[in-house]
Amino acid sequence: MGTGRADEASAAPAWLEGKVVDSLADGGPVLWASGLVKRYGDRVALAGVDLEAGRGELVACIGPNGAGKTTLLTILAGIQEPDEGQLQSRAHGLGWVPQHPALYSKLSVAENLRLFARLERVGDVDAAVRRMLAQARLEDRAGEQTSRLSGGNRQRVNIAIGLVSEPEVLLLDEPTAALDPRQRERLWDFITALAEGGTTVIYATHNVSEAEHHADRVLVLADGERLFWGEPEELRRTVAADEPRDFETAFVAFLRQRGH
Amino acid sequence: MRWLLIKDLQILRRSPLLVAVLVLYPVVVAVLIGLALSRGPDRPPVAFVNEVPKQERLEIGGRRLDLVSARDRLYDRIDPVPAANREQAIESVRSGEALAAVIVPRDAVRKLESRFERPRLEVYVNEDDPLKARLVDDTITSLVTTANQRLSRAFTSVLLRYLDLLLRGGPVTVLGQQFDVLGLKNVERISLRAAAKLPAGAREREQLARVARFSQLAQQNLDLTDDVLAAVAQPITVERRTVNGARVPLTTFAAAMAVAFSLMFVTVMLAAGSLALERSENVFSRLVRGPVSRGALLTEKALLAIVCSLAVTLLMLLGLGIFIPLEWDRFGLWVVTLTVAATAFAAMGLTVGALARELSTASLLAFALLVPVAFLALIPSGVVSEAVYDFSRVLSALFPFRPTLDAMSSALYGNGALGAPLLHLAALAAAFGLAGRVALSRFG
């Protein structure tokens with residue numbers, strides 16, 4: 001555990017308490033989910049989804065609108081409880097980065113980081129804030145109110161808040177949705193560096209090419225069902241055995257083949 | 001929770017316009033409500049009972065006064081509530097059907113005709129609501145002033161006749177016996193004539209005796225002039241009696257209302273707004289997934305609203321204390337009452353915030369709710385129909401404003417019991433707290 005890492009108990013999803021069946025073995029996946037089901041009235045948002053992610057792994061969750069991507073991430077983050085299924089984790093801390101920046105616009109960058117570091121019960125708050133400002137390259141904007149930042153910088157603060165407790169697993173919902181290409185590139189450099197440092201990153205995206213370039217494994221969801229789980233290249237091969245296709249075309253063809 | 005509270009105070013500090021609106025707006029609205037309500041209805045419902053026997057007629061100075069047209073004029077100014085006798089009239093005030101009962105005692109005509117006694121009009125008022133009491137005061141004062149003016153004209157005519165008699169002399173009937181009054185002019189004439197003719201020690205003693213008797217009668221009449229003048233000035237007096245409650249100055253009631261309204265406005269707006277802000281800033285899911293439970297978040301928002309509204313209303317009371325007399329030895333009761341009331345308002349605000357789920361909607365919903373809640377609670381009895389009044393009472397009981405007003409009236413100047421409204425507020429706090437918690441489950 002690093003100097004700034006949050007207390008494990010405080011960062012774990014609250015609903016997991018008492019629901020973890022077995023501890024995961026060392027060297028195995030950091031996060032493991034089996035048969036997750038979520039219903040909103042008569043509508044089934046998730047229909048028995050399985051997932052696992054190892055240390056330092058980048059997992060992309062893709063699918064059409066309403067596929068259940070955000071629902072899956074909010075369940076993994078502990079914001080919602082599944083109606084059925086099991087979830088096991090041996091991660092020390094779990095960071096959550098929602099699609100829209102979740103920060104206080106009247107507070108400065110540093111004040112936001114400091115507040116969430118305190119709420120996450122980080123040991124050395126000042127050190128954690130300094131580290132995240134450096135990682136997000138926002139040292140010179142530390143005292144600025146976040147309402148005055150650009151969309152890209154707000155998203156960097158948003159991710160920095162998710163990382164302030166040094167979680168072993170980071171969950172991101174559409175992290176690049178509001179960013180221009182240059183900001184997207186910077187963000188992926190940042191996320192890739194995190195994964196190389198051992199942080200497991202699971203993210204949802206509409207941008208299929210991001211999954212191709214920035215994912216070790218891809219989870220394809222449609223109407224709450226898991227249609228595919230594997231490496232991006234494997235998905236392409238599934239569809240385009242006879243002719244070379246780009247990843248996005250292959251993905252659309254895959255969905256069509258499966259009736260979506 | 002401590003860090004969230006500090007964060008919210010930091011955000012408030014950086015929103016001076018919001019703070020100014022939260023403090024100034026309720027003060028302005030409270031003053032406007034006070035002014036609007038102090039006008040009251042044009043024709044207040046009053047139970048009128050005339051105990052004077054029907055056969056009695058009022059005659060002053062030989063001139064009969066038309067009592068029927070006087071009653072009609074009275075009924076033009078009030079909305080008469082039927083009452084067969086004194087007991088029914090008082091009961092109608094007690095039940096709230098009438099704002100006041102006016103009773104003309106059975107000896108009123110006799111006293112008026114005697115010219116030396118003043119009849120006393122009995123007025124029964126329900127003092128539970130100082131606004132109503134003020135309204136009745138204004139109406140009765142106006143009615144009595146009009147009646148006194150008419151009677152005053154009749155008495156003035158009698159007085160002029162007495163003065164003429166004293167001046168010129170003539171016949172006058174007192175207790176059935178006729179006297180011939182000499183008059184000051186005759187005295188002058190006789191005295192001058194006697195003086196001119198009088199030799200020393202002659203028979204003029206009889207004339208001098210007449211002068212002496214006139215002098216005596218003149219003195220007696222002048223002695224009576226004080227009473228006659230008093231009767232002329234104010235023939236009818238009013239005896240005011242209270243059916244319920246204690247007499248409360250309107251300014252003190254206005255202070256209680258201003259404090260209650262400000263407390264409601266600041267607490268509800270802050271609780272609703274600060275909770276909805278967490279979702280508008282998209283932070284709610286980030287908070288409740290681990291660092292802060294939903295219950296702790298509600299508690300923190302309630303605490304923020306209570307602390308801020310307590311500070312505002314106590315400062316307001318300190319300011320009001322400069323202009324109106326307040327009982328400072330009851331300060332402890334003020335704080336207890338404000339705290340309990342603020343808790344109920346905070347719970348109500350949290351429910352609004354959790355239902356609205358978005359900052360601007362929460363502010364609009366809270367704003368749209370608060371003003372009608374205040375007006376409903378301030379509708380005086382007798383202004384609307386009994387059914388509408390009862391309905392408004394039931395609706396008011398569902399929100400903390402009316403019990404807060406009752407509790408503040410009691411805490412500020414000991415009008416009515418404090419325990420019942422505080423228990424009412426505690427029950428509302430629990431109910432709204434539960435509703436807020438349920439609403440928050442679908443908040444994220």
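## Cysteines

The model is predicted. A disulfide is a covalent bond between the sulfur atoms of two cysteines.

A:C61 has a relative accessibility of 1% and counts as buried. B:C308 has a relative accessible area of 14%, and it too is buried, because the cut-off is under 20%.

## Chain A overall

Chain A has nine helices and nine strands. It has 260 residues, and 56% of them count as buried.

Contacts in chain A reach across the sequence. Among those with a separation of 6 or more, 72% come from residues 24 or more positions apart.

## Helix 5 of chain A

Helix 5 of chain A covers residues 151–163, 13 residues in total. From first C-alpha to last it reaches 18 Å. That is close to the 18 Å expected at 1.5 Å a residue.

How much of helix 5 of chain A is buried? The count is 12 of the 13 residues, so the helix is largely enclosed by the rest of the structure. The buried set includes A:R154, A:R156 and A:N158. A:V157, A:I159, A:I161 and A:L163 are also among them.

These buried residues pack against several elements of chain A. The strands are strand 5 (94–97) and strand 6 (169–173). The helices are helix 3 (109–119), helix 4 (125–135) and helix 6 (181–196). Chain B contributes helix 10 (284–288) to the packing.

## Salt bridges

Over all chains, the salt bridge count comes to 20. Side chains of opposite charge can pair when their charged atoms come close.

A:R55 and A:E168 form a salt bridge, at 3.6 Å from N to O. The pair links distant parts of the chain, 113 residues apart. A:R55 sits in the loop between strand 2 (43–53) and strand 3 (58–62) of chain A. A:E168 sits in the loop between helix 5 and strand 6 of chain A. A:R55 is partly exposed, at 47% relative accessible area. A:E168 is buried, at 10%.

A:E212 and A:R236 also meet in a salt bridge, at 2.9 Å from N to O. A:E212 belongs to helix 7 (residues 208–213) and A:R236 to helix 8 (residues 232–239) of chain A, so the pair ties together parts 24 residues apart in sequence. A:E212 is partly exposed, with a relative accessible area of 25%. A:R236 counts as buried, at 18% relative accessibility.

In chain B, B:R402 forms a salt bridge with B:D406. Their closest N and O atoms are 3.0 Å apart. The two residues are four apart in helix 15 (residues 401–413) of chain B, so about one helical turn separates them. B:D406 counts as partly exposed, at 30% relative accessibility. Elsewhere, salt bridges with shared partners join B:K7, B:D8, B:E278, B:E300 and B:K301 into one network.

## A nonpolar patch on chain B

Which residues make the nonpolar surface patch of about 400 Å²? They are B:L315, B:L318, B:W328 and B:F331. B:L315 lies in helix 11 (residues 294–323) of chain B. Its relative accessible area is 59%, so B:L315 is exposed.

Key:
Residues numbered from 1 in each chain as written. Chains lettered and ligands numbered in written order. Predicted model: local features only at pLDDT ≥ 70, side-chain atom pairs only at ≥ 80, totals over all residues. Heavy atoms only, no water. Expected span 1.5 Å × (residues − 1). Buried < 20%, exposed > 50% of the residue type's maximum accessible area, 1.4 Å probe, protein only. Contact = heavy atoms within 4.5 Å. Patch = residues over 30% accessible without salt bridge, like charges linked within 9 Å, V, L, I, M, F, W, Y side chains within 5 Å. Areas by Shrake-Rupley, 256 points an atom, 1.4 Å probe, with all protein chains shown as cover. Salt bridge = Lys/Arg side-chain N within 4 Å of Asp/Glu carboxyl O.
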